[in-house]
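Thank you all for making time this morning. I would like to walk you through one structure, slowly and element by element, and I will start as soon as it is on the screen.

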Amino acid sequence: MKIDIAHVAKLANLKLTPKEEKDFEKQLSAILDYFKDLQKLNTEKVEPISNITGLQNVSREDEPKPSLSQEDALKNAPKIHNGFFEVDAIFQENE
Amino acid sequence: MIDLTQLTIKEAGEQLKAKQVKATELTEAYLDRAQKFNKKLNAFITITEDIAKEQARKVDELIADNQQLSPLAGIPIGLKDNYLTNGIKTTAASKVLEDYIPVYDATAVTRLKDANVVFVGKTNHDAWAHGGSGENSDFGNTLNPYDVTRVPGGSSSGSAAALAADMCMAATGTDTGGSIRLPASFCNLVGLKPTYGRVSRYGIVAMASSLDSIGHLTKTVYDSALILNATAGHDEMDSTTSTEAVIDYTQDIERGVRGIKIGIPKEYFEGLDAKIKKVIMDAVKKLESLGAEIVDVSLPHTEYGVATYYIIQPSEVSSNLARYDGIRYGSGREAFGSEAKRRIILGTFTLSSGYYDAYYLKAMKVRRLIREDFTKTFEKVDCIIAPVSPTLPFKFGEKANDPLQMYLADIYTVNMNLAGVPSLAIPAGFIDGLPVGMQIIGPDFTEKQLYQIGFAHEQEAQLYKERPKI
């Protein structure tokens, strides 16, 4: 089993070097081979478990509480503009 | 004059209370060693000298004022650098967060501050807690004080090395698949992986959210219980924390093991290195001679643990690391190291369209079977004793180029995270000068009993008195 590393890297928004792509392909196919062991187990009648605590619908009252100030929230941002996070343009006009 | 850096937390607390030692003196003694040995071991990413001195001064004032204080007041500890600390750089040992200064504290940090502990610094670890050796840190390897050519175990590598070398009296860790127990085992320390949900994950850099357990490393079992007393409990900022009552974990710690049924799971001993097996079985015999009953048990799905874990964990990693976009804080995604990239790719793949059922869904089904192995076994016995690591501390570079071999080092530790059950790693002995650990595993929320069993062994073995020659 091989992973289409370039495709998955695009999904994960990661830029990989050609060497990383090659290394990961080899290493991850060995790991996927190891996963094959699980196919030995018949799990047809087993319910998946995603939450081992058994807790359900944990929520608090919908009341405003103190939280980070705008100043604190922006403190580590590399680029800010008028009290907002500044991001690169997502849509660009075609000239 | 007593050597302050040879005391347990319990002993130091008594000396502070009796005004025989000042918190500032205790802190100075540990800061000195931290500064001196960090050059050699690279256990700390940041040493917070000014903060430590200020915290210690405050404790001295409170003691002089005869205030009632926590038994942890004035105790110098290290914090793994994935615990968010308000105003103190927190890197998760990754270049992505190299300059990140949090604006709030993790709940565990808040609770330790409330107990008036002293922060010596932030400890090194595998970046994002990904690894079993410490070699994945973007800030260099941490060395094992017992043999500097060998790894201290990971991912809480710096916490273990700093503590074993007496650069602090305890250190915090995170255990997603063994990251507290493995370094504890490699450095002759006590490491607690609490029940999932016992200690809040809020403000701790998330690795795999359904597996992350927030614990700590100490020299002794009693000291471990003292720290859990401070950190355990429900937190409305982490919806997976339990409302189960927090008890005094030090109470009745001297109860002993008379009448306790200890299960020995065959899957954890078949094929185990003969020398390691002997060390652990000798420790089990010691407990038997103290009145415990030893019972053979079987956890039949043990062999599927690593495969199940290395599907679920990278899946959750890929999701948690998706937030690092370099917009609100931190650098961009190009700053991730190789291991983080490898796990993001693997996890993105196992969650991707067409493969989800074959990998992630399958793993979640096997996870239920693994949890049921434990719940069924605990109908017959009070606890299970197992090895922590299949090998002794290994050499640097030995497994670094073969991720699968590195992942298989987790073979005895991942199942407890999948099942959510608590596990206490304690020193079992030495082979050729290298530490060997074992783990005592119990049903959900039985940390108190694990401490009683660990304490009984510790009183006999006294391994915490051993010190590395550095």
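Before anything else, one term: I will say that two residues are in contact if their C-beta atoms, placed from the backbone, lie within 7 Å. Please also keep in mind throughout that what you are looking at is a predicted model.

With that term in hand, let me begin with K89(B), which is found in the loop between β2 and α4 (107-114) of chain B. If we leave aside its neighbours within four places in sequence, K89(B) is in contact with T46(B), Y100(B) and I101(B). K89(B) is partly exposed, with 16 other C-beta atoms within 10 Å. Between the C-alpha atoms of K89(B) and A419(B), which are 330 residues apart along the chain, the separation is 33 Å.

Next, the sheet. In chain B there is an open sheet of eleven strands with mixed pairing, and reading across it the order is β1-β3-β2-β4-β6-β5-β10-β11-β9-β7-β8. At its edges are β1 (44-47) and β8 (293-297) of chain B, each of which pairs on one side only. From one strand to the next, the twist averages 30 degrees. In the case of β1(B) and β3(B), the sense is antiparallel and the pairing runs over three bridges, with I47(B) standing opposite G121(B) in β3(B).

Now to a helix, α3 of chain B, residues 49-64. Its 16 residues should span 22 Å at 1.5 Å a residue, and because its end C-alpha atoms are 23 Å apart, the two values agree. Which residues of α3(B) are buried? They are A52(B), Q55(B), A56(B) and V59(B), and since they cover an arc of only 100 degrees around the axis, they are placed on the same side of α3(B). On the other side of α3(B), by contrast, D50(B), E61(B) and A64(B) are exposed. The buried residues of this helix pack against α2 (23-41), β2 (76-80) and β3 (118-123) of chain B, and after α3(B) comes N66(B), whose phi is positive, near 55 degrees.

On the side of α8(B), the contact is made by A283(B), K286(B) and L287(B), and on the side of α14(B) by I453(B), A456(B), H457(B) and E460(B).

Let me turn to the place where the two chains meet, a contact that takes 46 residues from chain B and 41 residues from chain A. On the side of chain B, the elements that give two or more residues are α9 (305-320), α10 (338-350), α11 (357-377) and α12 (403-408), and α11(B) gives the most, with ten residues. That helix has 21 residues and reaches 29 Å from its first C-alpha to its last, close to the 30 Å expected at 1.5 Å a residue. Its buried residues, among them Y359(B), M364(B), R367(B) and F374(B), pack against α2 (18-35) of chain A together with α9, α10 and α13 (414-419) of chain B.

Finally, some details of the backbone. Most residues other than glycine have a negative phi, and most peptide bonds are trans. A cis peptide bond, however, joins G154(B) and S155(B), with omega about 5 degrees, and S155(B) is found in the loop between β3 and α5 (157-164) of chain B. N188(B), although not a glycine, has a positive phi of about 60 degrees, and its place is in the loop between α6 (181-186) and β5 (190-193) of chain B. Q462(B), in the segment after α14 of chain B, has a positive phi as well, near 55 degrees.

Key. Residues numbered from 1 in each chain as written. Chains lettered and ligands numbered in written order. Predicted model: local features only at pLDDT ≥ 70, side-chain atom pairs only at ≥ 80, totals over all residues. Helix = DSSP H or I, 4+ residues; strand = E, 2+ residues; numbered from the N terminus. Expected span 1.5 Å × (residues − 1). Buried ≥ 20, exposed ≤ 12 C-beta atoms within 10 Å, placed from the backbone. Arc of directions from axis to C-beta. Pairing = 2+ DSSP bridges. Axes fitted to C-alpha atoms, helices over the stretch in contact; angles between N-to-C directions.
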